[in-house]
Amino acid sequence: MTQNTIAADSASTTTSATSTTTSATTSATPLRVAVIIGSNREGRFGPIVAEWLLARIREHADFEVDVVDLAESHLPTALSYNPSPETLAELGKVTPKLAAADAFVVLTPEYNHSYPASLKSLIDWHNAEWQAKPLAFVSYGGLSGGLRAVEHLRPVFAELHTMTIRETVSFHNAGGLFGDDGTHKDPTAANAAAKSMLDQLHWWAWALRGAKEVRPYGS
Ligand SMILES: Cc1cc2nc3c(=O)[nH]c(=O)nc-3n(C[C@H](O)[C@H](O)[C@H](O)COP(=O)(O)O)c2cc1C
């Protein structure tokens, strides 16, 4: 073995020891998930499903949660590279939460075979915040359970370099599934589906956060 090879070997040992330390730190830091409540309709059903979802995430102890409720932000549909102070104030309610997130869950209803305009507006006002992060869907609606909205959202997020999770939870004829007290009448299947989805979301969030620490996305 030449001197140069020994130097290279010890350098690689040092590098891998450093990365072991880095990943130990990383895995100890909780992953942040932003739950986006997509409906802002007056009289909306969304908060009922959101409460169910937040309870499932709390059971999955490995996530810290932020809620982005689109009924509480009023982003204009007209995009601008020079937003007004009012728009900057609205962005201030949502952008930091998206930027801080390691992962997302989008809660979407279905309107006319697609997803709400409020959601499209939030998506289009942002870019880097979505990149190289995993995103899961929970949907609800009439007969379709919001699945057409989800399938329309997947190519939108592909454009933004977001990793959409295969597993979803969908509530078909959602209004009839929850009691007057807001709890799911027969939650076993939905809760199991949520666990599978959150397990996948967690794996991707953990893997992508670690990868980005080693090498920034896009470099
Ligand atoms: C404008 C509008 C269009 C809708 N279109 C569909 C549809 O295409 N497919 C479906 O399954 N449900 C449809 N629905 C039913 C909604 O998905 C359902 O009412 C859901 O609860 C709406 O979510 P929200 O109450 O949180 O706004 C529609 C509802 C509205 C208000």
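A crossover is right-handed if, with the strands pointing away from the viewer, the path from the first strand over the helix to the second runs clockwise. I needed that wording before I looked at β3, α4 and β4, which make a right-handed β-α-β unit. The model I am reading is predicted.

**Entry 1: the elements**

I began with the protein chain as a whole. I found six helices and five strands. From the N terminus on, I read the elements as α-β-α-β-α-β-α-β-α-β-α. The chain has 219 residues, and 30% of them are buried. I also looked up contacts between residues at least 6 apart in sequence, and 83% of these join residues at least 24 apart.

**Entry 2: the sheet**

Next I asked in what order the strands of the sheet stand. The sheet is open, has five strands with parallel pairing, and its order is β2-β1-β3-β4-β5. β2 and β5 stand at the edges with a single partner strand each, so one side of each is left without a neighbour in the sheet. On average, neighbouring strands are turned by 20° against each other, direction ignored. I noted that α6 packs on this sheet and touches β1, β2, β3, β4 and β5. The direction of α6 makes about 165° with that of β5.

**Entry 3: the pairs, one by one**

I then went through the strand pairs. Strands of a sheet pair through backbone hydrogen bonds, either parallel or antiparallel.

- β1 (residues 31–37) and β2 (residues 63–69) pair in the parallel sense over seven bridges. Arginine 32 stands opposite glutamate 64 in β2.
- β1 and β3 run parallel and are joined by five bridges. Valine 33 has alanine 103 in β3 as its bridge partner.
- β3 and β4 also run parallel, with six bridges. Here valine 105 stands opposite alanine 136 in β4.
- β4 and β5 pair over six bridges in the parallel sense. Proline 134 stands opposite methionine 163 in β5. From β4 the chain crosses through helix α5 (residues 147–159) to β5, and this β-α-β crossover is right-handed.

**Entry 4: strand β4**

How many of the residues of β4 are buried? I found seven of its seven residues buried. In a regular strand the side chains alternate between the two faces of the sheet. I listed both faces of β4: Pro134, Ala136, Val138 and Tyr140 lie on one side, and Leu135, Phe137 and Ser139 on the other. Both faces are covered.

**Entry 5: two residues with positive phi**

Most residues other than glycine have a negative phi, and most peptide bonds are trans. I looked up two residues with a positive value. Phi of histidine 113 is near 65°. Histidine 113 lies in the loop between β3 (103–109) and α4 (117–124). Is histidine 113 buried or exposed? Histidine 113 counts as exposed because it has 11 C-beta neighbours inside 10 Å, and a residue is exposed at 12 or fewer.

Phi of asparagine 173 is near 45°. I found asparagine 173 in the loop between β5 (163–171) and α6 (188–214). With 12 C-beta neighbours inside 10 Å, asparagine 173 counts as exposed too.

**Entry 6: the ligand**

Last, I looked at what surrounds the ligand. I noted 16 residues around it, the closest being Ser39, Gly46, Pro109, Gly141 and Gly142. By class, the shell has six nonpolar, seven polar and three charged residues.

Note on methods
Residues numbered from 1 in each chain as written. Predicted model: local features only at pLDDT ≥ 70, side-chain atom pairs only at ≥ 80, totals over all residues. Near = placed C-beta within 6 Å. Nonpolar A, V, L, I, M, F, W, Y, C, P; charged D, E, K, R; others polar. Helix = DSSP H or I, 4+ residues; strand = E, 2+ residues; numbered from the N terminus. Buried ≥ 20, exposed ≤ 12 C-beta atoms within 10 Å, placed from the backbone. Pairing = 2+ DSSP bridges. Contact = placed C-beta atoms within 7 Å. Axes fitted to C-alpha atoms, helices over the stretch in contact; angles between N-to-C directions.
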